[in-house]
Amino acid sequence: MKLTSSSRRTIAAALSCASALLTLSACSGSNDGGTQAAAGGKFTIAGKVVQQDAALHKLLPDSVKKSGIVRVATDIPYPPFEMYTAAGSTKMTGLDYDLGQALGAKLGVRFTFSAQKFDGIVPALQAGKFDVAMSAMTDNKERQQVVDFVDYTRSGSGILVADGNPEKIITLDDLCGRKVAVQAATNQLKLLTAHQAACARSGRGKADIQTFPKDSDAQLALRSGKVVADVLTKPAAGWTARTADGGKAFDLVEDPKAPGGYDASPNGIAVSKRLPELTGAIQKALQALIDDGTLTKICDSYGVGSIAVDKATRNAAVD
């Protein structure tokens with residue numbers, strides 16, 4: 001899902017206020033003083049109890065079994081995947097952080113997270129500074145040349161509407177002939193522009209696309225009724241719907257034909273190619289968390305349950 005550092009900073013800035021206002025009960029703290037999954041014990045996350053699987057622990061590389069730690073790189077903040085528990089805090093939380101704690105509990109080790117600039121994450125993995133990266137990273141073929149991915153979510157663009165969805169918007173087609181907000185120079189603008197031909201064929205007329213420099217501006221237009229919807233990344237839309245005004249400002253549209261969002265692509269846990277045993281262990285642990293519903297519960301606690309995958313695939317890039 002992540003594309004460029006500038007795109008990440010824009011979205012993070014737009015959501016930082018919301019993330020600071022709400023710390024979900026499903027969230028944990030960080031490796032610098034917050035609660036982490038204790039190796040070998042039970043751990044509760046998003047209402048699910050996760051226990052160590054001894055057979056999966058045996059699959060880990062000897063270096064990880066000896067240290068008891070999986071070193072994780074993440075670029076923070078990028079709500080709802082990674083963020084701080086409150087403004088000014090260094091304690092981490094977020095979908096990726098919670099999933100890391102669940103994986104650690106299942107494997108009987110600790111997943112310790114450290115902040116790293118996004119464009120430096122893959123080089124840091126190659127250099128052996130970290131074992132894995134959990135940072136809403138898009139699984140693509142270029143990155144697969146140097147890391148392996150275990151895919152855990154699939155996400156694309158989503159539609160944010162006013163609370164209660166008064167315009168009854170369900171699909172992109174329902175935006176035809178209406179005013180819709182979008183941040184300039186984004187994939188979401190490309191999506192809307194590409195859909196204009198379908199709008200014209202439908203007889204509803206093209207959408208009146210209103211572009212804004214920041215998504216926070218697009219949200220203001222939606223709040224004031226100047227547009228009927230705001231199109232942004234689905235995880236960001238879900239988190240905004242859950243947190244803005246205590247969840248009473250917006251709703252996330254769930255198109256049954258696009259559960260992960262429009263033009264969805266897989267997001268993966270990137271693992272150093274030096275550690276193939278770790279890739280295999282994480283894949284099996286993730287599948288266990290899928291099978292018992294933990295992954296969906298974690299995603300749902302951040303308003304985006306629909307982006308959870310139903311199978312832990314490896315290197316499933318769609319580009």
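Me: Where does leucine 60 lie?
Reply: This is a predicted model. In it, leucine 60 lies in the loop between helix H2 (54–57) and helix H3 (62–67).

Me: Why does leucine 60 count as buried?
Reply: Buried means under 20% relative accessible area. Leucine 60 has 3% relative accessibility, so leucine 60 counts as buried. Leucine 60 and valine 109 are 49 residues apart in sequence, and their C-alpha atoms are 9.5 Å apart in space.

Me: Why is H4 called largely enclosed by the rest of the structure?
Reply: Of the 13 residues of H4, 13 are buried, so the helix is largely enclosed. H4 is followed by glycine 108, which has a positive phi near 75 degrees.

Me: What makes strands S3 and S6 a pair?
Reply: Two strands pair if there are at least two bridges between them. Strand S3 (residues 69–74) and strand S6 (residues 110–115) are joined by 6 bridges and run parallel. One of the residues concerned is valine 72, whose bridge partner in S6 is phenylalanine 113.

Me: How do you know that S3 also pairs with strand S7?
Reply: S3 and strand S7 (residues 132–138) are joined by 2 bridges and run parallel. The cut-off is at least two bridges, so this counts as a pair. In S7, valine 132 stands opposite valine 72.

Me: Why is the aromatic pair of tyrosine 97 and phenylalanine 113 called tilted?
Reply: The whole structure has 3 aromatic pairs. In the pair of tyrosine 97 and phenylalanine 113, the centres are 4.9 Å apart and the planes stand at 55 degrees. Rings pair if their centres lie within 6.5 Å; planes under 30 degrees apart count as stacked and those over 60 as edge-to-face, so the rest are tilted. An angle of 55 degrees falls in that remaining range, so this pair is tilted.

Me: What does this pair tie together?
Reply: Tyrosine 97 lies in helix H4 and phenylalanine 113 in strand S6, so the pair ties together parts 16 residues apart in sequence. Tyrosine 97 is buried, at a relative accessible area of 2%, and phenylalanine 113 counts as buried at 2% as well.

Me: Why is the pair of tryptophan 239 and tyrosine 302 tilted?
Reply: The ring centres of tryptophan 239 and tyrosine 302 are 5.6 Å apart and the planes are at 40 degrees, so the pair is tilted. Tryptophan 239 is in helix H9 (residues 234–243) and tyrosine 302 is in the segment after helix H11 (294–301), so parts 63 residues apart in sequence are tied together. Both tryptophan 239 and tyrosine 302 are buried.

Me: Why does alanine 185 count as exposed?
Reply: Exposed means over 50% relative accessible area. Alanine 185 has 75% relative accessibility and so counts as exposed. Alanine 185 is in the loop between strand S9 (179–183) and helix H7 (187–202). Phi of alanine 185 is positive, near 60 degrees, in a residue other than glycine.

Notes. Residues numbered from 1 in each chain as written. Predicted model: local features only at pLDDT ≥ 70, side-chain atom pairs only at ≥ 80, totals over all residues. Heavy atoms only, no water. Buried < 20%, exposed > 50% of the residue type's maximum accessible area, 1.4 Å probe, protein only. Helix = DSSP H or I, 4+ residues; strand = E, 2+ residues; numbered from the N terminus. Phe/Tyr/Trp six-rings, centres within 6.5 Å; stacked < 30°, edge-to-face > 60°.
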